[in-house]
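This report describes selected features of one protein model, beginning with a pair of helices and ending with the surroundings of the ligand.

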Amino acid sequence: MPDSTTDTPAVSTNTGFLSAISQKQRGVSIELDGVSKVYPGQPEAAVDDFSMRIEPGELVMFVGPSGCGKTTTMKMINRIIEPSNGSIRIDGTDILSMDPNQLRRHIGYVIQQIGLFPHLTIAENIGVVPKLLGWSKSRIADRVDELLQTVQLDPEQFAKRYPKQLSGGQQQRAGVARALAADPPVMLMDEPFGATDPITREKLQAEFLRLQADIGKTIIFVTHDFDEAIKLGDRIAVLSDRSQIEQFDTPARILANPANEYVSSFIGQGAALKRLALIPLIDAPLRPAVDGAPQITLQDSLRDALNMLVLTGAAAVNVVDVDHRVCGSITNASISAVLNDAQPVAFAAEGTR
Ligand SMILES: Nc1ncnc2c1ncn2[C@@H]1O[C@H](COP(=O)(O)OP(=O)(O)OP(=O)(O)O)[C@@H](O)[C@H]1O
């Protein structure tokens, strides 16, 4: 791990979260208050009076149809787009009174088109912001090495390659590594996995969740895909035109109690199955074990248990712990009971991801 005390940053500021770039920096709060954006020459606001508080370390998904203002809202947080009205604070610091370039060096940013510089190697791409911050060469090299390993790209193999010599998924990983380079407390991610095929996408999502469990950044993640939002988000903001918030809650609560028709239509078909996927068996009420029943682990979900019941035709599946001890069983009836008992499920599913 590089030692953050050995280099003098090229930028000097004592305001709020900028002064606290350190090793393994955790997330900080983000508050938007009455934020609006009217693009020049447009009769209507693209974002109208948007207010939200995001807690330190939270992964918040913005989901909504094309053109509803997700990207505009997000880009106002790193001031790629300047708000027309309202205030934005990160860790209590008013970012609208700061130098935008300094601000952006401390907010990780990942976009769908990746935005890697084609004429720089992967190592140089990842080192761009640390270099701007005045880190020494050896510290940058250590950090590049560490990050490539974090995103599962072998440094020996990939550091000296150019972006076009990587697959789409590998480029996306390099993009995440670059955004994490200066260990920013905040990450903005705009459809980061949107351009990848479904299998690569699932893999990147799983890797990203593991990474976030370790680094605990505050992340805003824009997606069109409600299933991606359910899978990744601590909370989901379902947005409609002009970034109006239709519902802002945990995936489990939104699935159990959609606020209105608009949110229901976003959830689409199969809300019950999606809810089951959020409930690990460790939180499910178990019945007595059944001799000879197929087995599933406590870490699997009720959705996995249902799949096994359907595929095997068994009346019950036994649930086993890591030491293969049988803890009890799940049946179709117990799954139905959980689904019909909305409140406890919604709360049981929180914090279990
Ligand atoms: N530079 C601009 N000038 C004028 N209008 C713009 C500009 N950028 C975006 N808009 C408009 O603002 C609205 C919100 O756009 P925005 O890109 O934030 O939506 P989005 O929800 O991110 O869409 P998508 O999912 O398609 O990326 C749209 O109606 C769009 O046409």
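In this predicted model, helix 13 (residues 302–312) packs against helix 14 (residues 332–340) at an angle of about 145°, and the axes of the two helices are 10 Å apart. The crossing of helix 13 with helix 14 is left-handed. On the side of helix 13, the contact is formed by Leu 302, Ala 305, Leu 306 and Leu 309, which meet Asn 332, Ile 335 and Val 338 of helix 14.

| Group of residues | Nonpolar | Polar | Charged |
|---|---|---|---|
| Contact of helix 13 with helix 14 | 6 nonpolar | 1 polar | no charged |
| Shell around the ligand | 3 nonpolar | 8 polar | 1 charged |

The model also contains an open sheet of 3 strands in the order 11-12-13, in which the pairing is mixed. Strand 11 (295–297) and strand 13 (326–331) are at the edges and have a single partner strand each, so one side of each is left without a neighbour in the sheet. From one strand to the next, the twist averages 35°. Strand 11 and strand 12 (residues 316–320) run parallel and are joined by 3 bridges, and Thr 297 stands opposite Val 320 in strand 12.

The domain assignment divides the protein into domain 1 (16–268) and domain 2 (275–348), whose C-alpha centres lie 35 Å apart.

Which residues surround the ligand? The ligand is surrounded by Tyr 39, Gln 42, Ala 46, Gly 64, Ser 66, Gly 67, Cys 68, Gly 69, Lys 70, Thr 71, Thr 72 and His 224.

Note on methods:
Residues numbered from 1 in each chain as written. Predicted model: local features only at pLDDT ≥ 70, side-chain atom pairs only at ≥ 80, totals over all residues. Near = placed C-beta within 6 Å. Nonpolar A, V, L, I, M, F, W, Y, C, P; charged D, E, K, R; others polar. Domains from an automatic or database assignment. Pairing = 2+ DSSP bridges. Helix = DSSP H or I, 4+ residues; strand = E, 2+ residues; numbered from the N terminus. Axes fitted to C-alpha atoms, helices over the stretch in contact; angles between N-to-C directions. Left-handed = near helix turned anticlockwise from the far one by under 90°. Contact = placed C-beta atoms within 7 Å.
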